[in-house]
Structures are given as C-alpha cells and as structure tokens.
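User: Can you walk me through this one? I have the sequence and the structure open.

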Amino acid sequence: MSVKGLHKIIYPFAPDQSGAASVLYELGGMIIICDAGGCAGNICGFDEPRWLQTKSAVFSAGLRDMDAILGRDDLMIEKIRKASDKIDAKFIAIIGTPVPATIATDYKALRRMAEKRIGLPVITVDSNGALWYDSGISKTYLECFRRFASEDAGGIIPGSAGVLGVTPLDSDSLTAGDKIREALSAEGMEKVICYGAGSTFEDFAAAGRMEKNIVVAASGLRAARYLKDRFGTPYECTDPLAGEVRSALPLRTEEIAGKNILIIHQQVRANALRDILRREAAGSGAEARITAATWFMMDDELSEEGDFRIREESDFFELVRNGSWDIIIADSSFRRAAGDLCGRYIDLPHFAVSGHFAGEESVRFYT
Amino acid sequence: MIREPYSISVRELNEAGQGNIPEELVPASQLIYSSPATLAFNSPGATGFGVKRAGLAVPGSVMLLVAPGCCGRNTKLVSEIPGYEDRFFFLLMDESDIVNGDHLARVPDAVREVVEYLDEKPSVVMICGTCVDALLGTDWDRVCRKAEEASGVPVRPCYMYALTREGRKPPMVLVRKAIYSLLEPAKRDSRTVNILGYFSPLRDDCELYDILRKAGVRQINEISRCEDYESYLGMSKANFNIVLNHEARTAADDLAARLGIPYLELTRLYQTDKIASQYKAFAGSIGVKLDDTGFRAAAEEAVRSFREKHGEISIAVGEMLNANAFELSLALIKYGFKVPEIYSNISREDYVYIRHLAELSPETRVYTNLSPTMLHYDCSSAAADLTLGKDAEYYHPDCHNVPWNEEKQPFGYAGVTGLFEKMTEALA
C-alpha cells in the first residue's frame, strides 16, 4: 500500500489556478494570481502556452509572509487599484492559490472590497493549487457566466454554437480552438465561440444568445448545465476533433479488433476516441473491449460501467497491472509508469499532463 | 491613461538616493508583472537554479517535494536536464492537508517508500517545503529527524518559501546553507580550498584556478565538481572558503561556526581595474603575491579588439545573465560603449554602481522587470545594437543578443574575455 499522495514517477499536472487563468487569458481583464510569485510564474512560464505569443495582464499579487499572516487584503487591493490606473482592463479576476487557501481568505469579502475600491467588475476563483486544472476551468467558466452573461444581450443567433472546455490545457494543440471552429463551420455552424480559445469578454456576456453549446471536455460540463438552466441553451458532449486525433494514431483498424484497450485522457476525448475505435472494430466484424480512464473530472452521465477515475499514482499502477491491456493510449508522460505492463503504448498528448502539444515546437520562453 | 512602461534615468535614480528608491521600483509596493526575468526567479523550475535544482547539488541526493500539486508542476522541466532524471519525488497535499497539516504525518513513510523504491540508496533525501508549510509553521527539522529514523538515510530540509523572498534569510540563502549542512568536522588541510556560491562550476579557463594553484593550493573544491558523496564530504577539510555570491554568506558563516573554516568574499566584476584591485586585496589577505598581468592583458585585448571592430555601439543590458546589470553596464560604458537601457530590479547595494553610472551616462534609462507597466513596453523598438541577457532579448527580439546565462559561471578576467568573445560571435 503506497503512501497517500506519493508520486514516484508521474509528475504533477496543471493545477486549478492554471485552468482558471487559461479561461481568462484572452478576455482583456487584469488577472491577479493571489500568490507569492511561484504560481504566477508557473502559469506564464509553463502552463500558459499563449504567454510567448500574446501579452495578457497576468500579475502576481507578490504576497509576503506578513501579508498572509496578518491577512492584509487591503494592501493587495491597493496594489490592484494602482495597477488598474495604468492598465486598460475590462474586469479584475483574483485567482486563489495555496496561500489564500491556507489562511482561509474570504473571497466574497475580497470581491466586494475590490469592486468598491477599484470600480471595475471583480470575479474571484477559489482555486487552491491542490486540485487539477479542470476544476479551475470549471469554476471560472461558471463565475464568468454568472457575472458577465446577460439576458439583455439579444436574441438567439441562428446557427450559433458555444464551445466549452477548449482552453489549451484540455487539448493537444495550441490551435485546437481554430480547428474546432473550422470543423463546426464545415458542419454548417455559422458562428462558433470557443470560450477560452480566441473568445472575448463580450462573447461571455452574450453566452445566452447561442443556439446550442458543445462540451468538448468535462471541465465545461458544469457551465453548460448552468447555461441550460439559465438560458435554456441545450448542450451536447462531443469532440469535433476526435476524427483528426484518431487519424494521427499509429494504429490500423485490424490492430484494434478483439483487443483490450485502455484510453486515458480527459473524459470527453477518451469517450469520443472510444466511439470511433469501436465503430472501426465493429466494421471489421470484431469487437474491441475499450475502457476510458481519466485523472480528471468524470461525470456519471458520460461514463460506462468499468470506466475508471484515477486519483493516486498507485491507482494507475494497479489499473495498468491488473487490466491485461493489449494497448494503452495515453499521454507520453505515463509511458514510463506503465513500464512493460501493457502490450503496446500509443501517445495521446494532453497539454495539462505533459506540458507538450502534439508535434509542435516548444511554446516556452525558457525550455 | 498613460500607456508607457515606467522608467527612470540613472541620474534621477542617483538623485533620489538609496534610501528613497521610487515606489515603482520596490517589489513589495506593487503587483508583479510576469516578465521573462520574473519568470526566471518566480518560477525557478523554468531556468537556472531555483531551490529545487539547487537542493540536489549534493551528489547522490534525491528530493521529496512536499506540496500541493501546483508547486511541483514545472519540476518536469528540471527533470529533463541530464543528471536530474529520477531524482524528484512528490508527496502531494490535498485540500484538507493545506489547512490541517495532516501531510506531515505521512512524510516519514513517504521517504522510506522512496528509499526502498530506488535501486541505489541516496546519499541524502532533501525535503522541499513550500508556502503552505511556511504558513503552518512546520518544524521541518523535527519532521526530517523522524523521516531519517524511518528510512535510515540522512534527510534534510530545504525551504522553497517564496513568501519570505525579501526576508532576512530568503530561500536561495537557506538552500545554500542546506547543501553544506551534511559536512562534518574533519582534519583541515592547509592546501585545500572550497569555492562557494554557485551550483555549477566556474568556467574551466577562469584564472582563479591558476591563481590558487600558484598560491600553493592543491585541492580546489566546488560542490558541482564533486563526483560522488565522498568527494563532497572532503569539502570539510578546507583551509578556507571563498564566497563568490553573497547568498552563500549564511552557509559560510555556518561552516565557520560548525567546522571552523574561515571565509573571504570575492565579487564577480567586469571592470578590469576593479578585478585587479580585488585580486590584490585577496592576495594580501591570504599572504601571497600574485601576478595577474597576463590575464588582465588578455581581457583588455578582447575589449579593445571588439571596440576596434564594432565601434562604440549601444548595448541594452538585462538582469537575466551572469552579472550584476549595473556593474556590467558601468564596465561597458567605461570601455567606451553606450548603454541606453537597463532592465533590472534594484537594491540598495546597486548604488555603488549607480553613482558612477550617473556621472558617466546620466540619461541611461532603468526599467524594472517587475512593474505591471512593462506590459506596455514596445518590443518592436530598436533600443540598441546588441542586447545582453535573456530578458533583454525578449524586449528586443530583433536585436543581436548574447544571453550570457551559461551554466558554467564566468568570473574575473576570464569572464570579461568570454563575454566579449560571445559579443563578437553575436555580431559576426
């Protein structure tokens, strides 16, 4: 029995504050990471591949020990106010890290104080660094739609779709948003908004005008349900890029039939890939036994019996050891941990896991 | 709204004085912009030596990072550096650990499991704690003692406490102390010297090696050149320590107190006349005579040759390089070049150079990499013919650049010579 929380081989994934920042990165707000510096550094230097290409007002609050111990929220708000005098910002976002989590920061009070002092809309995200990126995306979507989406934005736009769960972290490509827009346009959608990839503050405000929402990662599911409740917007869970992802796998149809296959990714992509492989196997007259597993959010509605939520590294070892898998399809980061416990390992990149995209050059200033 | 980056001339900076540094240059008074320089020291996994990589300076050591997942995320970059594979382990805190500190009870078992997992017993397990434990007030010495009992190997703490960066003993000071904490009293050898301060060795061509050998030193130790744990332990025999980075002063004080090894400090400089003065004082303090004329002549020839070929060009200087940005700028100006812009954080200690800069180049503008207004810096402008430092390259991507951030550390005349060689290559 391994010690709870111990990782001997698998490195930590993108944390929730990185997920929160990834939703907000392009929206023209001031994003304040409520930290001492390292969390903001990790976001801009590692988890946010757009940092090198597009400037965004992502700042560290620069907290010091006495700020935290004495709970000097007013000092942080004053720093934000001073910066807001020099930076055009449509809103302020204060994103949590382990520091405010440890001292139990009252985010509601912080938001109220900041709005009063600064005069801009303020959202807070109670991320804590101990959860993974999808939790941060989910909370931030919800917070943005609650605060910014408006009933007064206008009527439904025919042929429009909002896409949820499409920040770079959820995906295998920096251009995933563009590819999704292309794919959905090819299916006849006239207006496609990918929230968190090429979207604007105004797009969030007009979220109620979408004819439907498409959830491409489980991180977008909670927001989709919220938008359905509030605006009646229907949603579906699907991965428009699954076909392209399938094509890139070095795996022939005849190699699938009759095989026991494990796919590890975020749940929607793993499911979509499973559907394609199953159809291929069925087309060739044989079944494939395919299990989807994820380290991230797993929604019961999207799960099949036997699907697996991995919580600990020891869970992963057990899953791989006991599964008798012929093929494992997962991010390359897990290859070493899988060792020789499966017949064949095929890479399926997931930026939030490895920090690498498929076949693209480094996206970092420091590599 | 003014959409310009904050900057100040060295003249104004000098007039303000070291006791009156403008608020815009004081990190504690503002939000911190995520510039390349900020990333390098705020996210040290990204480049160079932060606490995680530095903590593994002891040969044969491994590290257990005890933290929420976010603190270990970019460690992957360090693990991709040759020599660091399979040396990082993580004990991840969950949401309740952050508040109640339950993770601490798991540390001894986690260390034991890591030691049992490894094919070879590590020389030491470094426990890296983070901001959460800084706030919980964790007694790491006690936790490490328990882990040592459970695992049977030495366990030492190192503190990645970003919250204390501007404190009396910031993380990079304490990690330097931690990596020498395993040294035990030993019989001293009058012909052994330790060089402290960096986590990687000096350039092979550094004259300090020759100078020490000519002074009768037979064994020059640097932690990064210790091939195994035994040779690391040999550092206990040193007759004296040479501290090349002020952040190693606390470690040197500790070695002086525990092992009785005295130390003296040398500073990395790029002004050849000052290098000469420093060596003269050094020779006096260890009671030897040294002849540095050949090394000095080579460095000054490299400067002269560059200036003859390229003229009095303008050079913008950043802080992400193996130099003090202000001292290097002063050296360049004294050599006849122009320095229109410096991108650097400022400390009171920099005023020794700022005073001279104000006399020689009063209109040189100083930008701080930390200011939120650097978001407005126009990276398409051509402020100089050449930029020095990785951060300066970011601000002027179309300029010729010398990052000057190599792992092997430049020092003394060899540093000057090496820099001008690189500058020549960049403009070739």
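Analyst: One term first: the domain bounds used here come from an automatic or database domain assignment. Also, the model is predicted.

User: Fine. Which domains does chain A have?

Analyst: The assignment for chain A gives domain 1 (16-146), domain 2 (151-237) and domain 3 (242-354).

User: How many Å separate the centres of domain 1 and domain 2 of chain A?

Analyst: The centres of domain 1 and domain 2 of chain A are 24 Å apart, taken over C-alpha atoms. Their contact involves 21 residues from domain 1 of chain A and 20 residues from domain 2 of chain A.

User: Which elements of domain 1 of chain A touch domain 2 of chain A?

Analyst: On the domain 1 side, α1 (16-24) and α7 (133-148) of chain A are the elements that give two or more residues. The largest share comes from α7(A), with eight residues. By class, the residues on that side of domain 1 of chain A are ten nonpolar, six polar and five charged.

User: Is α1(A) mostly covered or exposed?

Analyst: Mostly covered: nine of the nine residues in α1(A) are buried. Among them are A:Asp16, A:Gln17, A:Val23 and A:Leu24.

User: And chain A overall, what percentage of residues is buried?

Analyst: For chain A, 56% of the 367 residues are buried. The chain has 15 helices and 14 strands. Of the contacts in chain A with a separation of 6 or more, 73% are between residues 24 or more positions apart.

User: What are the dimensions of chain A along its principal axes?

Analyst: The C-alpha trace of chain A spans about 65 × 55 × 35 Å along those axes. Its radius of gyration is 21 Å, which agrees with a compact globule, because a globule with 367 residues would have a value near 21 Å.

User: Switching to the interface. How many residues of chain A are in contact with chain B?

Analyst: 56 residues of chain A are in contact with 59 residues of chain B. On the chain A side, β1 (6-7), α2 (38-47), β3 (58-60), α3 (65-69), α4 (73-84) and α5 each supply at least two residues.

User: Which element of chain A gives the most there?

Analyst: That is α2(A), with nine residues. By class, the side of chain A that touches chain B has 30 nonpolar, 16 polar and ten charged residues.

User: Which strand of chain B does β3(A) pair with?

Analyst: β3(A) pairs with strand β2 (residues 32-33) of chain B, in the antiparallel sense and over two bridges. Within that pairing, A:Ser60 has B:Ile32 in β2(B) as its bridge partner.

User: Remind me what holds strands like that together?

Analyst: Strands of a sheet pair through backbone hydrogen bonds, either parallel or antiparallel.

User: On to chain B. Which domains does it have?

Analyst: Chain B is divided into domain 1 (7-30 + 294-427), domain 2 (49-169) and domain 3 (192-285). Between the centres of domain 1 and domain 2 of chain B there are 36 Å, taken over C-alpha atoms.

User: What is the strand order in the open sheet of four strands in chain B?

Analyst: The order is β8-β7-β9-β10 (chain B), and the pairing is parallel. At the edges are β8 (219-221) and β10 (263-265) of chain B, each of which pairs on one side only. From one strand to the next, the twist averages 20°.

User: How many bridges join β7 and β9 of chain B?

Analyst: Four bridges join β7 (residues 192-196) to β9 (residues 240-243) of chain B, and the two strands run parallel. B:Ile195 stands opposite B:Ile242 in β9(B).

User: Which strands does helix α13 of chain B lie across?

Analyst: Helix α13 (residues 249-259) of chain B lies across β7, β9 and β10 of chain B, and runs at about 170° to β9(B).

User: Why does A:Ala104 count as exposed?

Analyst: Because A:Ala104 has 10 C-beta neighbours inside 10 Å, and exposed means 12 or fewer.

User: And a case in chain B?

Analyst: B:Asp86 has a positive phi of about 60° and is not a glycine either. B:Asp86 lies in the loop between α5 (75-79) and β4 (88-92) of chain B. With 13 other C-beta atoms within 10 Å, B:Asp86 is partly exposed.

Terms used:
Residues are numbered from 1 along each chain as its sequence is written. Chains are lettered from A and ligands numbered from 1 in the order in which they are written. This is a predicted model: local features need pLDDT of at least 70, side-chain atom pairs count only at pLDDT 80 or more; totals for chains, interfaces and linings use all residues. A residue is buried if 20 or more other C-beta atoms lie within 10 Å of its own, exposed if 12 or fewer, and partly exposed in between; C-beta atoms are placed from the backbone. Two strands pair if DSSP finds at least two bridges between them. Axes are lines fitted to C-alpha atoms, for helices over the stretch in contact, and angles run from 0 to 180 degrees between N-to-C directions. Two residues are in contact if their C-beta atoms, placed from the backbone, lie within 7 Å. Ala, Val, Leu, Ile, Met, Phe, Trp, Tyr, Cys and Pro count as nonpolar, Asp, Glu, Lys and Arg as charged, and the others, Gly among them, as polar. The radius of gyration is taken over C-alpha atoms; the globule rule is 2.2 Å times the number of residues to the power 0.38.
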